[in-house]
Structures are given as structure tokens and as C-alpha cells.
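Hello,

Here is the structure I promised to pass on. Please open it and keep it beside this email as you read.

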Amino acid sequence: MAKFTSLKSDMFLGAFLLALALGALFVWIPLDIDTGLVERVRRRNVIGDTLAPTAAIILIILASGSLILSRSHSQPVASFSSGLRIFGYFISVFTVTLMVMRYLGPLFISLVNETSAAELNYRNLRNIWPLKYLGYVVGGTFLLSVLSHFMDNGLSRRRVALFFLITFMIALFFDLPFEDILLPPNGDV
Amino acid sequence: MKSFVLSAAIAAVTMLGTATGALAEWKPNGPIKLMIAFAAGGGADTIARAVGDELQKRHGWEIQPQQVTGGGGLKLAAAMKSEPSDGTTIGMAITESYGYNMVANPGAGITLADVTPLTTVAGFQMGVVAKTSKGWKTIDDVIAAAKAGETLRFGTMTPKLSDLAFLLSDANNLNLNIVEVKGGKAVMNGVNAGDLDLGFMAGIQAKGVASGDLVNLASALTVPLAQTPEAPLMMDRGVPFGADGYFLFAAPPGLDPAARKALTDAIIEVVSDPSTKAGGIIKKAFGGTSIIKGSDVEALLEADVKAAKELIKAAQ
Amino acid sequence: MGMAEHILLGIQAIFAGPAVLGIPLNILMVIGGLFFGIFIGATPGLAGPMAMAIALPILISIFGYEASALLPIVGFLLGIMKGATLGGAVPAILFNTPGTPDALMTTYDGYPMTQKGEARKALKAAHFASVSGDTISDIVLILCAPFLAVFVEAYLDLPEKSALIILSLTFIAAVMGTSISKGLVAIGLGLFVAFIGSGEDFYPRLSLGVDAIAGGFPIAAVVLGSLIIGEVLFAMLEARSQTQQQGKIKQIVLKVAGKLTLKDRLSLLAYILPSAFIGTVIGALPGIGSTLAATLGYSNGKRRHHLRRKEGEPAFGQGAVQGVASTEAANSAVSGANLIPVLSLGIPGNAAAIFLILAMETVDGLNPGPSVFRVPSEGINSEMVMAFGLFSLMILANLVNWLVGGQVMQLMSIMARVPRQILMPTVLLVTITSVYAQETSLYALICLLGFGLFGLFMRLTSIPILPFVIAYILGNILERTARQAFSSTGADPYFLFSSPTSILLMLSAVLIICIFTWKRHKK
């Protein structure tokens, strides 16, 4: 990971947090909370829903302000562009993984329906082995392999096989002994 | 893949079998979702899960409990509105959810047309409770102490109860500080810790009252409390409303009548049997069941809505 | 009934419930947790809180939410906590890789001992010191927590309780992390996230009109995401940069040998007892954590050893068994004392305590806080019975740890050979699966991974994570207490300054910020 040791990194961080906090204070909080700082209920004042989040935001504003002013020599931070790349990478890996877990099973069923006369429905079959593992095991193997590749800058076929095995073992570990535990995506369909 | 195709075929055949099976006895055509309006571990949750387990045991229905908490039961009401009305979804709330809470939050867009009530199972034993060491015997001692200038904190757990506490304070020219906390347990902890001077408790005070640590100063119901019938009614101290309320099983609107009857009967059968876990809990904490079902429970909810409107107006 | 009866009932409680193979379930769970914890601690890259986090949703799925589930679930978690501190010494001694940050000092002398062929002696010394420290800390916990709780309940009213939470959060912001500004940023963010989707009004505030956010983010997703997933992602980044810089990590050949005699043990006590004392004091304060305890314990031992070292004995840093003992006694003594603020105030002090609080809040039967140790004039306080049940389980775990912990520890040395490239992705997947088991929705997984990325961001910008998580957990409690304090004082806007005690607490909070800012500035 590229390291970046500018003394200004904390200043940028402070400014970034300050901008977010000001946005929350002047836009999000006023528009998205229905009661005020203090409300009048049964002829008495009570604390409204706005007070606590406002206090939290003011704390962030003060702290990020002092971060800007402190000019502290902070720990090295990943450079902005390499940081963005890393977050983009993780986000896409997670998105693909969750999509595979969620839709592979139903997709497989609709393929079966297309190629045969069957009229099956994943929801009704979500308790049937090995269909209930399909999305999870394929998605999980994908996740492990990609991340291992990310760390190692390389990936052997043997390791993918190992990851398949690990994912499958995790599935068995959660599914076999515990009747009530569901694997992704079987609680969502 | 062979095993999969095979099991899929078996499943398909089994489903066909159930669909054309005997119509005489009502059966859900799938797992029953049991929505619970209050947090896991609380009274409503414990009763609902115990009833669910027993229904599964007795009838072979697959019951899947899940929490739909928030808004004093209104979250559940909103969620249940759009659930299938074939008996595969039931919910556990309290009558206050479809009474005061519904009326007080018109923004939720819930009306009595959005629910098929099944049956109540137990009633709150709502008392005004304080620690015995305070030296108060009845609510009159509290009124006297407050009149003498003591600043007292009255703990409540719902807006409705806060309204009732306010009316008590107002009718007797007192200056009670009403402190709304989260749940009956929190009221009891507050009273015990001395953070609150007195508060509403809906049944959890039973043990403390029996042991002499706590005292029921008054009944907040329209009737005396089962445990301490000698405690005066709050209604006789200038509050023209009762805190009567029940744990309520309900279903989505337009529930199929056969399903309604079967579900209602099955639930009542479970809670009325003190040898079941659910029946045992109800007997211990609420002094037995309070069953109001069918058109009676519909009438109860309508009366509650009317009373809630008046109460909200009175407590403005 | 008095406290003595409650203690007896608590001891009885651990034998109650179903038995498996003739062993009561509660006892089986705490022992299972202990062994699992040693296994986790012995695996470099894994730490106790990670295992507790993953285990909690599974345990809840198995045992449910009822009070009868409390002892098995929390017992298992306590076992992990104890085992992991012990196990952490294994890779530190054998492979010079500290399994947890607080085992860093253990490598200073443990690994040189391994190089000299005294690995077994080092492991035994670590075991002896760790279990001694843990036991001493537990005794202090059992003696102090009830009295502190009773004191708090007797003297603190709602305004003071609000002020106490504010003081604790300030203290945590000050002592954790690189700068007090960042600590306060973390606290502010944690509070703000806690306030999303909560509130008194029917419309859940800050929920953007999105139904999924209406009940707030799933707690497990926020806590596990920022603490565990964030850590895993950060470790992946580190591993990637190491691969780029220096190629593959090399394996070490090891020889396990060496003996620890009774005489050795007795002479080690002179190092273990002061370290255990240091660890216990630090553990009782929220937020400081075992790493500082290990550092202080080590340097105290070093000073002592410097004065008393005999001719021919190795100095600290060159394979002194006293160095291993000083470190391990101190970091293990943190864990028991950490439960003092948890049980008596409901305030978590470190990551392990966070998961214990989460477990106790999810499962019925024990709500951490001052009411736990109230002695009723008649009848029993079931929460106090539960608390003493937990204490009994902790003592029992220590006994088992004394007897067989050392052997289990040596068996686990194989775990250090598992490559991180396999371990880290696996931890990620297990965490995902475990959260799904509890929440059964992909939405919870999206939140989990989202907060994981948020945790990674915080690590990259060195904003401390623990203050964020602790503030998140205490946020709604703080707001609720403050609302109640406001109402109960008849809407006094200065309720936080309404009594001498609360003024003192609030002043302390301000003072802490000033002192720490000044100290950091001087550096």
C-alpha cells in the first residue's frame, strides 16, 4: 500500500469531517427529524429528538476543527487516490459476492424451468440440499479466492479448491447442527 | 445434481398433495410467520414464542417468530397490513397498539380496517406502585405528600400512561414530574433505585408486592387489582380513564374465516392450559388468562379507540 | 435474603439446567469457550473479541433469548476471553509473532528463550503468570463490583448518571488513539450513528424515509463491521503491502524444551504479583486496555530485574523468563477487572466487554448496571444470582485453566502455521455467515460490510475504533438517561449541574480534555 506522510493529512481529514458535519447539522437534521430540540408535552418541556444528534454533531464539529488547527504529525495514511482504489475494489468484490449469493440459486431454478417443463420456485425449494448451499458456496468461494489473490498477488488452483472446501465446511458447520440457522440468501427469498 | 432433481420432484409432489388434501380441517399452506411487536426477552415476546412453540408441537404448523418492533406496536400493524390474509401471518401486539398508539399517531396511516383481531390472552394488572419503605399505603398518601410540597417523580412507560399520570396530577392540583422510561422493567428498576418515587407497573410488581418490598398504591384499571383488591381505583381520584389493556393476537385484514376460527381456537387452547409454558407464564404473572375473541374483541378495540381520542383531548 | 444466600444460589445456578455427558451445560460451555479461546489466541491474526463476536450470534440462535440462555452464552464468551489472553502468548513465544497487540512484550523474552531451546519453559511461565494474573483480577472483581454498584445506586441520581456516562466517554476519547481530537471525533460519530432511527417520535429520526433504516442499523452489523471486518480488511492491506515489499513470510523451525521448577515458579511470583496489580487497576478503568497494562507490567518487571539480577541470568530482552511472566500477568489481569465497570455501571471498557454487554442486553436475565447487586429485603434478586453464577463460572474456568490450560496451549502451537492469506478471508466469511444467522437478511450484511469499510477508513486515518463502538453502545442509554433526568428535575435545563456530584463529574470531564490536550501538545 502506498504510504503518504504529508503533515497536512490530518488537516484534510478535519476539513472533510467538518464539511460532513455541517451538512448534517444544516440539512439532514432539520429535514429528517420531526420534533425539535425541546418540545412541549402535557404543559411541560421535554427533550425533543433533535437535541441528541445536534449535540453529537457539535462535538464532531469542535473536534474536527481542533484537528484542522492542531497541525499534528499523524500516522502515515494511504494516499487519496490509492485509498479510493482500495475502497472501490472492496465495494465491487462485496457487491459481486452478495449478488452471487442472492441470485445464483433462483437463476439456476429459472434455467431449469426454461430447459425443462418443470415449474419450480426457489422459495419453495430453499430448504433442499444442495440447492440451499448453491449461492452461498459459490459466492463464498469467490470472496475467499479474490481476497486471497488481493493479499498474495497470485492464486493457485489448489488454493481455490481449498477455499471451496472451507466455504462448504462453514456451510455445513452452520447448517447441520442448528435447525433454525439460515444461510444467505435463504432468509430473504 | 441428481439428488437435487429428485428431491425437487418429491417436494413438488408433496406440495400438490397438501393442496388437494382434506378441506375439513384448516391447515396453513406454508410456514406461519409470527410477528412480535416488542423486544426479544420481554413479556409479549416470551408469551408469543411460547405459544408459537406449543402450536407447532400440537398442530405441526411451522411457526417462524420474528421481531417487528417499534412505535408501540404500530410498526407491526403497518407490516401486517400488507401480509397475505390466508393465516400464514399472525402477530402479537397489545390492545393499546390498535387503541391509543394508533390514534396518537395518525401519520402511521393505520385504522381498525387494517387488522383482524384474533383474541386477547392476558390482561395487564396495571397498578400504581411505590417502594414500601416510602411509607405510603395508598395513592392518597402520595397526594398528601405532593400537596405538602414534596416534588415527586412518577414513572410511566407509554404515552397513554403519561397522560393518565398527568390527569391524576392535574385533577388533584399536584405538580408531579412525569418521567417516561423504556418498558415496565425500567420503571421497576427506577423505583427500586430511588430514581423514581412511584410508577406504573403492569404485572411485574407481583413478586415485590407479595414479598412486601413494593406496594400497590392504586389500581389504574377500571376494576380492582387481582392481587390487592383493597387498593383504591385511580378512577376514583379524578382520572376518568382506565389503563386496561391486553396482550393481543392479531392477523392481517380480511382473514379467511376458517383460518380465523382455527387460529383463535388453537391459541386459546394453548394459553388456557396452565401445564403449557405459555399458560404457566400467564398464570404466574397475570393471574390467569383474559380471553376476549371474535366480535367481542372487535368491539373492545372500537371502544378503546373512542376512549383514546377522549383521553388525548383531556390531557392536552 | 442477604448477599450470602445469593452467592450460594449463584454457585448452584451453574449446576442447574441440562447436562451433557454428565457435565452440566453451563460448565461445559465455559470450558468449551476456554479451549476455543486458547485456539483463537494461538492463531496469529485472530483475537479474543473476534471470536466472541462471531460466536455470539450463533450462541443466540442455539440458546434463544430467555434468561436460561444467559449462563451458557455469557459463560462461553467469558471462556473465550480468558483462553485468548493465554493463547496469545503461544505464537509470540514460538514464532516471534504476537497473536494480539498485548503479547508484543512477550516476544521480547519469549522468542529469545525459544531460540535458546527453552520454549517449553517460556510457555509454562506464560501459563503460570497468565492464570495467576487472571485469578487475582477475578477476585478483585468479585469483591469490588457489588460494593461499587451499591454505592453508585445509593448516591447517583439520574442527572449524575448522565454526567457519569459523559465523563466515561470523555475519558475513553482521551486515553485511546493518537490524539484527543480524533478520540472525540470517534465518540461523536458513534453517538450520531446510535441516534439514527431511534428517538421518541413516531417517525424514526434521520432514517431518510427508508424503511430498512427505520429501526436503526442492526447492532451486530455496526459493532462487528467496524471492529472485526474493518480489522480484517486492514490486515489484508498490510499483508498486500508486505507481499509487495518482502515476498513471502518465512517459516521457522522450532524445538520445544525447557523446564519450569517449583522454585522457578515461586521466584516468579515477585514479578507476577506487581504485574497483576497493575493489570487489575488498569482493567478497572474503562478504555485503557491490556496493551498499556502489558507495557507497564513489563517495564516495572524490567526495573526490578535490573536491580536483583544474579550473575549469569539473562537480562530482559535476552530471554529472561521474568520478562514473559511480567507481561503475561499484567495483560491477563485486565480481563477480570474490566467487568467491574460493566457489571456495576453498564459501561464497557474494551472490545471484550463490548461483546459481553451485547450478550447481556440481548439475552434476558441480567441487565448490567447498578440494579444488579441490589439486596431485596425478601425473596431473591435473580440478576444478582446470575451475576454470582457468572463469577462462579469464571472461578471454575480459572481452575480448569490451571489444570489443563498449559497442555492445551502447547497443542495449539500448530495454529501459528496457518497462512494469513487463508485465515483472513475465512474470518471475513465466517463473520458474514454468523451475522446472517442472527439477522437473516442481506440488508444486515450490506450494513455489516458498509461499516467494515467505515472501520477500514477509520484505521487508515487513525481515528480510534473502540471509542466509536463504545459511544454507539452507550448513545441511546445516555440520551434516555438525560431525557429522564430532564423530566425528573421538572425540566431544569441545567440538570447536568444540579448537584455537587454532577458538577464534579462534569468538571472532571472538562479537566481530562484539558490535561490530555496539554500533554499531547507538549510532546
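First, the ground rules. This is a predicted model: local features need pLDDT of at least 70, side-chain atom pairs count only at pLDDT 80 or more, and totals for chains, interfaces and linings use all residues. Residues are numbered from 1 along each chain as its sequence is written, while chains are lettered from A and ligands numbered from 1 in the order in which they are written.

Start with C:P49. It sits in helix α3 (residues 48–63) of chain C. Helices (H or I, at least four residues) and strands (E, at least two) are DSSP runs, numbered from the N terminus. C:P49 counts as buried because 26 C-beta neighbours lie inside 10 Å. The cut-offs: buried is 20 or more other C-beta atoms within 10 Å, exposed is 12 or fewer, partly exposed is in between, with C-beta atoms placed from the backbone. Beyond four places in sequence, C:P49 is in contact with C:L227, C:A351, C:A352 and C:F355. Contact means C-beta atoms, placed from the backbone, within 7 Å.

Next, chains A and C. Here 58 residues of chain A are in contact with 56 residues of chain C. On the chain A side, α2(A) gives the most, with 11 residues.

Last, chain B. It is divided into domain 1 (30–123 + 245–314) and domain 2 (127–237). These bounds come from an automatic or database domain assignment. The domain centres, taken over C-alpha atoms, are 27 Å apart. Their contact takes 11 residues from domain 1 of chain B and 10 residues from domain 2 of chain B.

Best wishes

Technical notes:
Contact = placed C-beta atoms within 7 Å.
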